[in-house]
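Subject: Structure for your review

Dear colleague,

Please find the structure below, together with a summary of what was found in it.

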Amino acid sequence: MTSQERGVSGKQRARKLPADPVGPIGLAGYGAKLRDGSITAEAATLAYLERIALLDGRLQAFVHVAAEQALEQARAMDRLLASGTDLGPLMGVPVAVKDLFSIQGMPASRCGSRVDIADLVEPEGEFVRRLKRAGCVLLGKTRMTEFAFGLVNMTHPTPWNPCDATTHRLPGGSSSGSAVAMAAGLCAFSIGSDTGGSVRQPAALCGVFGHKATAGFWPTDGVFALSTTLDSIGYFARSARDGALILSALSDRPVPAPRPTRGLRLGRPAGHYFDNLAPEVASATQRALERLENSGVEIVPIDVPEAAEVNSVFLPLVAVELIATVGVERFKRARDLLDPIVWNRAERMLEYPARDYVLCRRRQQALCGIASERMRGLDGWITPTTPDVPLPRAGLETLEQAAAWTARGTHTTRPGNMFGQCGVSIPIPGTALPVGLQVMCRAGADEALLSISQGIEEVLGPPPERDMSAFL
């Protein structure tokens, strides 16, 4: 591979990569250093901007870096803190945001598409305003698959998974850029969205913590809609402990405390979630479950046959609602601009009968109730996050290969959206390539989910520090 292909100049190779100012110490540690004067928000932001400049030519995580705007925000946070105004645990924390979100002062969201959707993009919404009110420093906007509809595109760049410096491996999607930015230490945490696994699946493949909130937990105005029924906001963080701070600060709720694993009852769904796993995923998941059982978790075998309905319920809902957002005629006219995977998945839904859509929507609502009933007496469900470790990008050269991987990659995550659950992916340490453990709780139980996640994280241990110097 040439230096041009890597997007790294000889001058960049000679520059030293600054340390990630937040990752090793977590958000609480960074907050303490910020308040005792050991670091400033400006210095942390400069470090991340330098890391982005050195690494992102190859990683391709960002579509826009708002360097000047971010530095202005960071300096403003330092001045506020010096004057005695403290905005809370996310004050002065540099964050990356998926290009699905509108942010005032940054280019209008393109949602990973070449189609002109300028008239459909809403102004900045409440969730981004919450980030700003919390004192976050917004570094820029991250790459995503087209309209968030799938895990990979054929005609758009695919960010490089930071888990392997020698092979371009898939980072997952659709929040690929946000997952890569978090995993590579280009931000303190990052924002994504999850309609069928778009936070949990890339979190697993990139080896970071990812939380998909319950749909409606955070407002989605100012976020381009893939599915008005199933869309939910989520984030990537280094740890569940950091995730608890993020959830608290952005929802104005107490920080969820870690829950001891002894006494937890977690359902292990038979069939669907554990079918056809890659050997590395199967063995890592089994080791993790055994460690949790040894710590006092009761793993309860359960049946969830309704998970098999994901193909008949999930795809029609998502495809029809995306087409409704974009508009049928615009979608048809844009065939040559759309990525082939997006067109291939949506084309057969262009004439989907309204009556069938209504029946599909009703069935999805019924499935939410059924899943909630199947969680009775359990604290949550536990499964692998995705069936595979990150595969080489070179293995997906045809439409058929890419489409098959998209279907397989979300095999274990889409049911959670269909069932209305909240969910996380927790990295399993000790694997050659990243593997994630998925935990799902009933709708609205996000705080309990973060408490459980911290307890599980304490048993499994943190993922190893990632040395990004090999990417220079």
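In this predicted model, the side chains of E465 and R238 form a salt bridge, with N and O 2.8 Å apart. E465 is located in the segment after α17 (446-460), while R238 sits in the loop between β6 (232-237) and α9 (240-251), so this contact ties together parts that are 227 residues apart in sequence. R238 is partly exposed, at 23% relative accessibility.

A second pair also links distant parts of the chain, namely E309 and R363, which are 54 residues apart. The closest N and O atoms of their salt bridge are 2.7 Å apart. E309 belongs to the loop between β8 (298-302) and α11 (310-326), and R363 to helix α14 (residues 354-374). With a relative accessible area of 31%, R363 is partly exposed.

E124 and K132 provide a further salt bridge, with an N to O distance of 2.7 Å. Which of these two side chains is buried, and which is partly exposed? E124 has a relative accessible area of 15% and therefore counts as buried, the limit being under 20%. K132, in contrast, has 28% and is partly exposed.

Salt bridges also occur as a network, which links E126, R129, R130, R133 and D221. In total, the structure holds 21 salt bridges, including the pairs E465 with R238, E309 with R363 and E124 with K132.

With kind regards

Conventions. Residues are numbered from 1 along each chain as its sequence is written. This is a predicted model: local features need pLDDT of at least 70, side-chain atom pairs count only at pLDDT 80 or more; totals for chains, interfaces and linings use all residues. Side-chain values use heavy atoms; hydrogens and water are left out. A salt bridge is a side-chain nitrogen of Lys or Arg within 4 Å of a carboxyl oxygen of Asp or Glu. Buried means under 20% relative accessible area, exposed over 50%, partly exposed in between (1.4 Å probe, protein chains only). Helices (H or I, at least four residues) and strands (E, at least two) are DSSP runs, numbered from the N terminus.
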